[in-house]
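Hi,

Here is the structure I said I'd pass on.

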Amino acid sequence: MMKFFAVLIFCVAAATALPFEEVGREHIPNEEIGEEHMPYEEEGLPENWQLVPDGDGRLHLVNTDPFNLGSQDEPEPLFNADADTIFTLFTRNNRNSGHRITPGNAGTLGPNWNGGRQTRFIIHGWNNNGGSEVNVLIRNAYLDRADINVIVVDWGGGAQNPNYITSRNHINAVGAAVARFIDFLNQSGGMSFNNVYVSGHSLGGHTAGIVGKRVSRGRLNTVVALDPALPLFSINDPGNRVAPGDANYVEVIHTNGGLLGFDLPIGQADFYPNGGRSQPGCGIDLAGTCAHSRAFQFFAESIRTAQSGFNSIRCGNYDQILNNNCVSSGANARMGGEPSNIGRGVNGVFFLTTNAQSPFARG
């Protein structure tokens, strides 16, 4: 614990020594960092440590080096993904009072479950739970759009942990638990895999991909990863993050790439609103919290209407996104939306601009 506070004092001293005008893009990790995506000591933090905000904007000092975690002064809270992940069903008949379904128990499906409907899963990220903004916003957007099954995946027992590394290490077990639940709904609840979308924010974005990898009775229709987390994820490890093969269609929305969110293209279609790193209306967003949250705010807005208003230009490659020099290469596409872009031949990298506040879409 003393080591932690010593590092924290060092970070605060280094940060306060920086003149305000020097805090800019040079203090944001860029592509030259490489696969490690680690901050440098001269940027105000010790090597391998970052101040990372959770889903509610609280900053935490995190060691992002998985090979040098040091000793754990605090015992990890017990979390069993199969026993502690909660699945709550919302429909238009019970949109304000969710019904909990117990995995493996068809008797708990309840009167509001309809296996013939479209079904949408939402998975939150670090230090969130089932009642967090990402779940409420997307859930209500779906139910405004159509009378469908919306299932909120609450893994707060594993996500609400000051140790980011511990929470990150839970996502494979959580993804596997969600996959078994989907298999159960297919077998006992009459649900078709072709009617299933799984979306997730930050750590939940990668968890959504793990779900697609682990289902055993079919293949997911769509996975949508909303600014999937960057710390402790690698471009060279697709088996442990969201990847293009996780569903029939995999879409990634990048809003804080290179800081809290993964920057490189890792889906079938990758959308980069406003370049995908910072977002208008977020002001001096040094920690990236505002930009990181824009992903699920954009997505929720996109699914409320019959056609997503986030029209996007297909660029020639990712370098054009980085250089803010997108050259139209192929058909335009719309980011997000309900239904998804599946079956429309949408693939590649896309650029779009948004408004600084809601409504964000420019049509």
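This is a predicted model: local features need pLDDT of at least 70, side-chain atom pairs count only at pLDDT 80 or more; totals for chains, interfaces and linings use all residues.

Residues are numbered from 1 along each chain as its sequence is written, and side-chain values use heavy atoms, with hydrogens and water left out.

Let's start with the sheet. It is open and has 11 strands, with mixed pairing, in the order β4-β3-β6-β5-β7-β8-β9-β10-β13-β11-β12. Strands here are DSSP runs of E with at least two residues, helices are runs of H or I with at least four, and both are numbered from the N terminus. Two strands pair if DSSP finds at least two bridges between them. At the edges sit β4 and β12 (333–334), each pairing on one side only. Further in, β10 (residues 269–273) and β13 (residues 348–352) run parallel, paired over five bridges. Tyr272 is opposite Phe351 of β13.

Helix α7 (residues 203–214) lies across β5, β7 and β8 (222–226), at about 150° to β7. Contact means heavy atoms within 4.5 Å; axes are lines fitted to C-alpha atoms (for helices, over the stretch in contact), and angles run from 0 to 180 degrees between N-to-C directions.

Now the salt bridges (a side-chain nitrogen of Lys or Arg within 4 Å of a carboxyl oxygen of Asp or Glu). The count is six. One of them joins Asp82 and Arg180, N to O 2.6 Å. That pair links distant parts of the chain, 98 residues apart: Asp82 is in helix α2 (residues 81–84) and Arg180 in helix α6 (residues 171–188).

Arg117 and Asp147 form another, with their closest N and O atoms 3.7 Å apart. Arg117 is in the loop between β4 (99–101) and β5 (119–123) and Asp147 in the loop between α3 (133–145) and β6 (149–154), so the bridge ties together parts 30 residues apart in sequence. Arg117 counts as buried at 14% relative accessibility, whereas Asp147 is partly exposed at 34% (buried is under 20% relative accessible area, exposed over 50%, partly exposed in between; 1.4 Å probe, protein chains only).

Finally, Arg95, Asp144 and Arg304 are linked in a salt-bridge network.

Cheers
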